[in-house]
Amino acid sequence: DSITYEAAEQLYMKGDNKNASRNFDEYLKKFPQGRFSLNANFYKAESDYKAKEYDKALAGYQFVTEQPRNIFTEKSLLKAGFIQYDKANYDEALKHFDRLEEIADFRDNIIEAQAGQMRSHYKKGEFESTITNARKLIDGDKVSNELRNEAWLLQGRSSMALNDLKAAGDAFTVVAKIPNSESGAEAKYSLALIQFKLGNYKDSQKKCFDMIKQIPSYEFWIGKSFILLGDNYAGLNDLFQAKHTYRSVIDNYE
């Protein structure tokens with residue numbers, strides 16, 4: 001048992017993921033109830049994950065998470081959640097992230113769990129739950145600026161989807177301050193859209209022009225801003241300028 005396991009473990013420690021996975025598999029077939037079956041399942045999963053064999057890795061991580069809590073439980077829940085999220089199995093991903101948040105001892109894993117919950121709920125269109133989880137990250141400690149900005153962005157999108165324009169505006173105002181970022185460009189466009197929805201066409205126009213002049217530019221959001229600018233001209237009953245603006249988008253964008 002020990003000799004067979006240690007041979008596989010040495011390959012894993014050397015970074016030979018393909019052969020380590022094969023040897024761990026051989027160990028588990030030979031000793032299904034072996035002394036090192038927990039370790040072998042986890043390290044095989046890690047080897048498969050690094051080799052981008054995600055279905056195989058998922059099986060190993062799930063074996064670990066089904067055992068009594070152990071030193072590999074937190075990392076296995078996190079990796080299993082990542083895999084299920086990437087496979088668009090958001091309900092399954094949430095099961096892993098929810099349990100991880102509940103049992104995690106390490107703050108980094110709690111943060112990752114909350115981020116996974118937020119993203120999964122957003123993908124499912126569960127906007128109130130997205131906002132709840134975004135707030136945990138925004139208000140939490142030791143959260144990176146990048147992740148906190150993502151939380152503000154998803155809170156803004158979710159508030160917009162719920163037609164809570166005040167909350168959406170507050171969130172997008174924060175994101176709009178991020179320099180040189182596509183998220184900032186999206187937020188600036190969204191602030192212009194909010195003013196359009198409120199019937200403040202001239203204010204929306206000004207924000208559109210600010211977005212269009214932004215450096216660096218982001219073509220998608222500039223295109224969206226031109227369309228919104230046309231909508232504002234239409235709202236002001238300036239149909240000539242509206243048609244001219246829409247035509248510029250038709251002529252210059254795919």
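**Entry 1: Glu186.** I began with the partners of Glu186: setting aside neighbours within four places in sequence, Glu186 is in contact with Leu153, Arg157 and Trp221. A reminder to myself is that this is a predicted model. I then looked up where Glu186 sits, and found it in helix 11, which covers residues 182-197. Is Glu186 buried or exposed? Its relative accessibility is 9%, and buried means under 20%, so Glu186 counts as buried.

**Entry 2: helix 1.** Next I turned to helix 1, residues 2-13. I noted 12 residues and a reach of 16 Å from the first C-alpha to the last, close to the 16 Å expected at 1.5 Å a residue. Which residues of helix 1 are buried? I found Tyr5, Ala8, Leu11 and Tyr12. These four cover an arc of only 125° around the axis, which puts them on the same side of helix 1. I also checked the face turned away from that buried side, and there I met the exposed residues Ile3 and Met13. What do the buried residues of helix 1 pack against? My note says helix 2 (17-30) and helix 3 (37-50). Just after helix 1, I came across Gly15, which takes a positive phi of about 85°.

**Entry 3: helix 3.** How many residues of helix 3 are buried? I read 10 of 14, so I wrote down that helix 3 is mostly covered. The buried residues include Ala40, Phe42, Tyr43 and Ala45. Among them I also found Lys44, Glu46 and Asp48. The buried residues of helix 3 pack against helix 1, helix 2, helix 4 (54-65) and helix 5 (73-86). Just after helix 3, Lys52 takes a positive phi of about 65°.

**Entry 4: aromatic pairs.** I then went looking for rings. A pair of aromatic rings is described by the distance of the centres and the angle of the planes. How many aromatic pairs are there? The count I noted is 19 aromatic pairs. I picked Tyr5 and Tyr27, an edge-to-face pair with 5.7 Å centre to centre and 65° between the planes. Tyr5 lies in helix 1 and Tyr27 in helix 2, so this pair ties together parts that are 22 residues apart in sequence. Tyr5 has 2% relative accessibility and counts as buried. Tyr27, at 0% relative accessibility, counts as buried.

My next pick was Tyr12 and Tyr43, a tilted pair with 4.8 Å centre to centre and 40° between the planes. Tyr12 belongs to helix 1 and Tyr43 to helix 3, so the pair ties together parts that are 31 residues apart in sequence. I checked both for cover, and Tyr12 and Tyr43 are buried.

Entry 5: I asked which rings form one aromatic cluster.

Methods: Residues numbered from 1 in each chain as written. Predicted model: local features only at pLDDT ≥ 70, side-chain atom pairs only at ≥ 80, totals over all residues. Heavy atoms only, no water. Helix = DSSP H or I, 4+ residues; strand = E, 2+ residues; numbered from the N terminus. Buried < 20%, exposed > 50% of the residue type's maximum accessible area, 1.4 Å probe, protein only. Contact = heavy atoms within 4.5 Å. Expected span 1.5 Å × (residues − 1). Arc of directions from axis to C-beta. Phe/Tyr/Trp six-rings, centres within 6.5 Å; stacked < 30°, edge-to-face > 60°.
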